[in-house]
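Reader: I have a protein structure open and would like to learn how to read it, one feature at a time. Could you take me through it slowly?

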Amino acid sequence: MRLTRRRLLATGGPALALPFLGREARAQGTGRVVVVGGGFGGATAARALAALGHEVTLVERQPTYWTCPFSNAVLAGLSPMEAIAFGYDALRAGGLTVVEGEAQGIDPERREVRLGDGALPYDRLVLSPGIDLRFDALPGYDEAAAEVMPHAWKAGPQTELLRRQIEAMEDGGVVAIAVPENPFRCPPGPYERASLIAHYLKAQKPRSKILILDAKDAFSKRPLFEEAWAALYPGLIEWVPVSLGGKVVGVDPGTMTLRTDFAEHRVAVANVIPPQRAGTIATAAEVADATGWCPVSPETFESALVPGIHVIGDACLAGAMPKSAFSANAQAKVAAQAIDALLRGGTPGPSKLINTCYSLAAPDYGFTVAGVYQPSDGALAEVEGAGGTSPLGAPAAVRAAEADYARAWYGTITAEAFG
Amino acid sequence: MRAFAIALAGLATSAPAQEAPSGALSCTGCHALGAEAAMPLGGRSAEEIAAALAAYREGTREATVMDRIARGFTAEESQAIAQWLADHAAKE
């Protein structure tokens, strides 16, 4: 099936009667934009570009998207899976086409995305493929091993699997979390995960332990997490940095063993977060470099390697911006505005972006790291004097307020991305 | 979503010179422009928003994270963002 412009218009459904769709400019300077990937970056970009009057097709493999944000709350039994599940009906209703399928490859000369059964032409392409887990990077850890030692670093069935394992574990068991080197999706995520699992264990299985085996000697918001752990879960969480032998160098799912250079840890539950790279389509499109991630313009998020392709979200190398849902959403809107300018023959304006990452140490105990970013020497750099983490030693009311804001942020950003 | 569509509607109906000022697009990840949202900006005037940003920037208004964010913007940038947010929020 070849999706022609006419066909796209025919399948796109009636556009919402939003005031801007009727504007004169719609006839000229708009274009066909294909967006690959329906996470925070892709869904936001698709909606923004459609709202700007372009003909947008979103390609996404799955009918349901489970968000990584708040998936740690599911692991801790604080939320059901439905609370983190989103579909694409609101996008369809907003006048863009959603194709459930997998982008197999890109032809940057003909400007086409190849699907299993056809091709989608584009004037501009947005790739927001998220991450691929590297099943070639950690000896013993392949896709089959992930069914025994879940990564749960893409939310969905893996989240449910890890939740079931934690629920089934006997009191006194050890839950291990193996953390890779930087860069990876959601730098504070493993430590929020440890916190919220500890919240569950403390109440339900208080003789149990959490062992964080880390390939790093530092981590995001470390003083805040350690302050929270000492206050909320004393003795429950042990963090082993790489310098003390924390890096997992091999796993054996048959014996539930995690191997470091110094020891073998046999555990009841093993959450192995492996090294990562940009989603497969980025490699196929040749927009990923030797690091496995995608260098982009800090103004437009256009690939530094292939013109006409913009890469946003976890897959891109966004300088100092961390790989977060907040970043992906902010990048999507900047890229959409830049693409709109380019398609209308204009020049994209300067870019400036914000990231804020909330972490929960407990349902009523939250804190943040924030940053403001602008281009400097060809990459996004932090604006000096801004950003940073919540203060240490803050009163409980401040932690509770940030936990409330975390939930409010989640409601707002998921509404902006998915409707 | 409505607020988001409206914010971007503003982008689309404005002349290129009036596109969202630097940094403004990041705001709506937390602050939906509708009055029904959490952390709403709906109904706030540009003056109110600019004054809040200035107070956060100078550390004279109690904050959790907005002080750390506001310090990343100059007075001129903050003013432009406040105007843009107010223009789009006002349409709700």
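This is a predicted model: local features need pLDDT of at least 70, side-chain atom pairs count only at pLDDT 80 or more; totals for chains, interfaces and linings use all residues.

Reader: How many residues does the largest nonpolar core have, and which of them have the most contacts inside it?

Author: A nonpolar core is a set of buried Ala, Val, Leu, Ile, Met, Phe, Trp, Tyr and Cys residues joined through side-chain atoms within 4.5 Å, where buried means under 20% relative accessible area with a 1.4 Å probe, protein chains only. Here the largest one has 146 residues, and A:Val113, A:Leu127, A:Ile210 and A:Trp229 have the most contacts inside it. Its largest share, ten residues, comes from helix 9 (residues 325-343) of chain A. A second, separate core of 17 residues includes A:Tyr141 and A:Val248.

Reader: Which strands pair with strand 9 of chain A, and in what sense?

Author: Strands are DSSP runs of E with at least two residues, helices are runs of H or I with at least four, and both are numbered from the N terminus; two strands pair if DSSP finds at least two bridges between them. Strand 1 (residues 32-36) of chain A runs parallel to strand 9 and is joined to it by four bridges, with A:Val33 having A:Arg124 as its bridge partner. Strand 20 (residues 309-311) of chain A also pairs with strand 9 in the parallel sense, over three bridges, and there A:Val126 stands opposite A:His310.

Reader: Which way do the residues of strand 9 point, and are they buried or exposed?

Author: A:Arg124 and A:Val126 point one way from strand 9 (residues 124-127), A:Leu125 and A:Leu127 point the other way, and all are buried.

Reader: What span does helix 3 of chain B reach, and against which helices do its buried residues pack?

Author: The expected span of a helix is 1.5 Å times one less than its number of residues. Helix 3 (residues 46-58) of chain B has 13 residues and reaches 18 Å from its first C-alpha to its last, close to the 18 Å expected. Its buried residues, including B:Ile49 and B:Leu53, pack against helix 4 (66-70) and helix 5 (75-89) of chain B, where contact means heavy atoms within 4.5 Å.

Technical notes. Residues are numbered from 1 along each chain as its sequence is written. Chains are lettered from A and ligands numbered from 1 in the order in which they are written. Side-chain values use heavy atoms; hydrogens and water are left out. Buried means under 20% relative accessible area, exposed over 50%, partly exposed in between (1.4 Å probe, protein chains only).
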